[in-house]
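User: I am new to this structure. Please show me how to read its features one by one.

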Amino acid sequence: MLDAYLVIGEVLKPQGVRGEIKVRPLTSDPERFYDLEQVFFKKGQDYNACEVEACRVSDEAVFLKLDGVNDRDAAEMLRGQMLYVDRENAVELSEDENFIVDLIGCIGTDTNGREIGKLVDVMQPGGNDVYIFKGALGEVLVPALRSVVLKVDVHSKTMLLDAKRLGEVAVFDEN
């Protein structure tokens, strides 16, 4: 089952004295913050909504003014908290795209039936993403190419990889 909420940023610190917060975006497109009407904060198992009153985006951070956060002390109370968006209001993805959080935990198997391992991280060095699997084969780095990744099912947490192409492009670290 997919999480109902997706993390989109981390509150770094208050910005100024009127309750604005500085946020480190955890999304590939910080401009998406302009379209947010509300964000959620997680407390225990619950997610509490907070309306976004204003937003500005710079090269290094996003700055938000949230409803009810009207001074530096209130903004300070949010330091270190993660910001979430509900999946219903998340950025729409194309048919062949997935959120990284949904890919994490997928079990990779090649077309010969060999288990590659569990996807534990996704590197984004520019160009193609690189999937990092860990399992019986050690750490395996797999470029996210259509010729390599044949099928992804985030609901069943499975990923089918082309065995021949893996041998050509994957990096196997058996340490």
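User: How many salt bridges are there?

Analyst: A salt bridge is a side-chain nitrogen of Lys or Arg within 4 Å of a carboxyl oxygen of Asp or Glu. By this rule the count is 10 salt bridges. Two notes on reading the values. This is a predicted model, where local features need pLDDT of at least 70 and side-chain atom pairs count only at pLDDT 80 or more, while totals for chains, interfaces and linings use all residues. Residues are numbered from 1 along each chain as its sequence is written, and side-chain values use heavy atoms, with hydrogens and water left out.

User: Which residue meets Lys65 in a salt bridge?

Analyst: Glu53 does, at 3.5 Å from N to O. The pair links distant parts of the chain, 12 residues apart: Lys65 lies in strand β5 (residues 62-66) and Glu53 in strand β4 (residues 46-57). Helices (H or I, at least four residues) and strands (E, at least two) are DSSP runs, numbered from the N terminus.

User: Is Lys65 buried or exposed?

Analyst: First the scale. Buried means under 20% relative accessible area, exposed means over 50%, and partly exposed lies in between (1.4 Å probe, protein chains only). Lys65 counts as buried, at 16%. Glu53 is partly exposed, at 48%.

User: What other salt bridges can I look at?

Analyst: Take Arg114 and Asp110, whose side chains meet at 3.1 Å, N to O. Arg114 is partly exposed at 36%, whereas Asp110 is buried at 3%. Then find Glu139 and Lys134, with their closest N and O atoms 3.7 Å apart. Glu139 is partly exposed at 25%, and so is Lys134 at 44%. A network of salt bridges links Lys164, Arg165 and Glu168.

User: In what order do the strands of the open sheet run?

Analyst: Pairing comes first: two strands pair if DSSP finds at least two bridges between them. Here seven strands form an open sheet in the order β11-β12-β7-β8-β9-β10-β13, with mixed pairing. β11 and β13 (171-173) are the edge strands, each pairing on one side only. The twist averages 30 degrees from one strand to the next. For such angles, axes are lines fitted to C-alpha atoms, for helices over the stretch in contact, and angles run from 0 to 180 degrees between N-to-C directions.

User: Which strands form a hairpin with four residues between them?

Analyst: β7 and β8 do, and Gly113 in the turn has a positive phi of about 90 degrees. Strands β7 (residues 107-110) and β8 (residues 115-123) run antiparallel, joined by three bridges. Gly108 has Gly117 in β8 as its bridge partner. β8 also forms a hairpin with β9, with six residues between them. In that turn, Gly126 has a positive phi of about 105 degrees. Five bridges join β8 to β9 (residues 130-135), again antiparallel.

User: What joins β10 to β13?

Analyst: Three bridges, and the two strands run antiparallel. Glu139 stands opposite Asp173 in β13.

User: Where is Arg146?

Analyst: In the loop between β10 (138-143) and β11 (149-153). Arg146 is exposed, at 69%. Its C-alpha atom is 9.5 Å from that of Asp162, a residue 16 positions away along the chain.

User: How many disulfides are there?

Analyst: A disulfide is a covalent bond between the sulfur atoms of two cysteines. The rule asks for a pair of cysteine sulfur atoms within 2.5 Å. The count is zero. Cys50 is in no disulfide, and the nearest cysteine sulfur, that of Cys55, is 13 Å away. Cys50 is buried at 12%, whereas Cys55 is partly exposed at 22%.
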